[in-house]
Amino acid sequence: MSDWWNALFDFSDYGALLALLHNSILAGAVLGIAGGLIGVFVMTRDLAFAVHGISELSFAGAAAGLLFGVGVVEGSIIGSLAAALIIGLLGSRARERNSITAVLMPFGLGLGILCLALYPGRASTKFGLLTGQIVAVDDPQLGWLAFVCGVVVLGLLVVWRPLSFASLDPEVAAARGVPVRGLSIVFMLLLGLAVAASIQIVGALLVLSILVTPAAAALRISSSPLWVPLLSMAFALVSLVGGILLALGSSVPISPYVTTISFLIWGVCVLASRRRKDRRTLVAREVAA
Amino acid sequence: MRDAELRLGARTLWSGLDLDVAPGEFVAVLGANGSGKTSLLRAILGQHPLAAGEIRFAGEPVHRGDRRIGYVPQQRGQDPAMRIRGRDLVRLGVDGERWGPGWPSAARRAHVDGLLEAVGATHYARVPVSLLSGGEQQRLRIGQALAGDPLLMLCDEPLGSLDLRAQRVVSELIDRHRAERGFGVLFVTHDVNPVLGMVDRVLYLAGGRFRIGTADEVLTSEVLSELYQAEVDVIRTHGRVIIVGAPDHSHHEHEHHGGAA
């Protein structure tokens, strides 16, 4: 039991580790902001399942990048963008989108497993693509992560209003001349980038914990267009940075800490929203009366 | 609209349609399901090109995204818009099509407040749309459509799934703003009775044919029988119009009047 505990939480030499791994923490913070922000649109556009599909193809790309020596990062971005484009172009309706995602997902996973099986290198690198890693983030890695997340955040800010309009009220948005279809493709590309960035930290199987759980939690306790994105970013940031801080001294990957924290936040929000809802229904009834 | 023809695939919904809507005029669009009522609105919004003829608005051919055309869409139960608050729905109409994040601003807040006030939705503006009644949701929709200071208001079945009291409230709200602001109204509905006292003219679409005129001219047994090419009776009783025998239309009418009785 105490062996397990020591494997999970070991805070000896914490200060030295912290100095060594401050890059990981920065990476977590950057990803938290981008992931929490895009998660809001993933929820309103009902794309949670598509995120999972994109991440499996991104995994395939990363594995192929590893095998052919192109680079994990480049491979995962190519895989992500390809999946995002396919889903965006072929699946404008929710039902089509779900079936296309379901078709792409096992294909991507299978392709990735094939590439990893053929790859002669270290096993932990292979496993890390699926479930996240413990390895320190080096400077160039942090650099590209910050760049990709920057593109995602800036891109979202530019299209924020018309994308909200198109996501929440597509018919009136189209009547007002919002390019609904074009925005949908732009959004899928930004989503592909966010998925590729998330995979490097939490792994392909756990991407939803960053791109969906924090936004789902935020939407539980607020419906304000200002507070939902802010809370979602805060939740993703706390999950990632908190997870990395807890994982520093352990011999376990970052991902279980991140997923557990983000799940706990969601759980607390669900409990809080139950109490709020009772109050709200009351207000609505009074208003109607 | 001049000599307009609209096709959906191989099917011609209507052709040779001439329609003028003057500022401040209230025109009801009636007809069977699938007769091209919603498609007419889509064509005016520039979303559905005509097969022939043209539509001009304020002197120019219509184009997509004209802010001066307000649009109240058909209510659907599962809109994603149901999840947001009322004032945010109205706000989308104010500046939703502009680029950028739209940081909070006092001017916009005042604009949204004014619109909420105008449709009497101020006291429930912070409640999520899904918790509101159909009539309250329609008021927000009207507020949203008013945001662009429209010259023409297109309403697609704004009274669908509302009870009789809410039907009256919503149609009177549209009519009041029409009178105050002087915009034209194209009002698609399958039941003319809630707006019978307000309409200047009626456009009746059926079986690829149409008829335009005042309610008294169009809503007669002779005219509708000719439109439907079938025996249709129009009964007027207590200031209400009941249409009997129109294919796939009579059903709705019966339902409504059953509810009214």
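The predictor gives the complex an ipTM of 0.90 and a pTM of 0.90.

**Confidence**

- Chain A has an average pLDDT of 88, with 93% of its residues scoring at least 70, while chain B has a mean pLDDT of 88, with 94% of its residues reaching 70 or more.
- In chain B, the pLDDT falls below 50 over residues 250-261, and this stretch has 12 contacts in the model beyond near neighbours in sequence. Where pLDDT is low, the predicted coordinates should not be read in detail.
- Among the elements of chain A, the lowest mean pLDDT (74) belongs to helix 2 (residues 14-20), and the highest (96) belongs to helix 12 (residues 213-221).

**Contact between chain A and chain B**

- The contact draws 30 residues from chain B and 29 residues from chain A. On the side of chain B that touches chain A, helix 2 (residues 86-95) of chain B gives the most, with three residues.
- By class, that side of chain B is made up of 14 nonpolar, eight polar and eight charged residues.

**Nonpolar core**

- The largest nonpolar core holds 165 residues, and Ile38(A), Val51(A) and Leu191(A) are those with the most contacts inside it. Helix 10 of chain A supplies the largest share of this core, 12 residues.
- Leaving aside residues up to four places away in sequence, Val51(A) touches Val42(A), Leu191(A), Val195(A), Val207(A), Leu208(A), Leu211(A) and Val212(A).
- Val40(A) is placed in helix 3 (residues 22-44) of chain A, and Val40(A) counts as buried because 25 other C-beta atoms lie within 10 Å, where the cut-off for a buried residue is 20 or more.
- With residues up to four places away in sequence again left out, Val40(A) touches Ala215(A), Val228(A), Pro229(A) and Ser232(A). From C-alpha to C-alpha, Val40(A) and Val158(A) are 15 Å apart in space, and they are 118 residues apart in sequence.

**Helix 5 and helix 10 of chain A**

- Two packed helices are described by the angle between their axes and the distance between the axes. For helix 5 (residues 72-90) and helix 10 (residues 180-202) of chain A, the axes come within 8 Å and cross at roughly 145°, and the crossing of helix 5 of chain A past helix 10 of chain A is right-handed.
- The residues that helix 5 of chain A brings to this contact include Val73(A), Ile77(A), Leu81(A), Ala84(A) and Gly88(A), and those from helix 10 of chain A include Ile185(A), Met188(A), Leu191(A), Gly192(A), Val195(A) and Ile199(A).
- By class, the contact of helix 5 of chain A with helix 10 of chain A has 15 nonpolar, six polar and no charged residues.

- Helix 1 (residues 37-44) of chain B is mostly covered, since six of its eight residues are buried, and the buried ones are Lys37(B), Leu40(B), Leu41(B), Arg42(B), Ala43(B) and Ile44(B).
- The cover over these buried residues includes strand 1 (2-8), strand 3 (26-31), strand 7 (69-72), strand 8 (152-156), strand 9 (184-188) and strand 10 (201-206) of chain B.
- Just after helix 1 of chain B, Gly46(B) takes a positive phi of about 80°.
- His190(B) lies in the loop between strand 9 and strand 10 of chain B, and His190(B) is buried, with 20 other C-beta atoms within 10 Å. Although 153 residues separate His190(B) and Lys37(B) in sequence, they are 9.8 Å apart in space, C-alpha to C-alpha.

- Most residues other than glycine have a negative phi. Ala58(B), in contrast, has a positive phi near 50°, and its place is in the loop between strand 5 (56-57) and strand 6 (60-61) of chain B. Ala58(B) is exposed, with 11 other C-beta atoms within 10 Å.
- His238(B) also has a positive phi near 50°, and His238(B) sits in the loop between strand 12 (233-237) and strand 13 (240-244) of chain B. His238(B) is exposed because 4 other C-beta atoms lie within 10 Å, where the cut-off for an exposed residue is 12 or fewer.

Technical notes:
Residues numbered from 1 in each chain as written. Chains lettered and ligands numbered in written order. Predicted model: local features only at pLDDT ≥ 70, side-chain atom pairs only at ≥ 80, totals over all residues. Axes fitted to C-alpha atoms, helices over the stretch in contact; angles between N-to-C directions. Helix = DSSP H or I, 4+ residues; strand = E, 2+ residues; numbered from the N terminus. Left-handed = near helix turned anticlockwise from the far one by under 90°. Contact = placed C-beta atoms within 7 Å. Nonpolar A, V, L, I, M, F, W, Y, C, P; charged D, E, K, R; others polar. Core = buried A, V, L, I, M, F, W, Y, C linked by C-beta atoms within 7 Å. pLDDT = per-residue confidence, 0-100.
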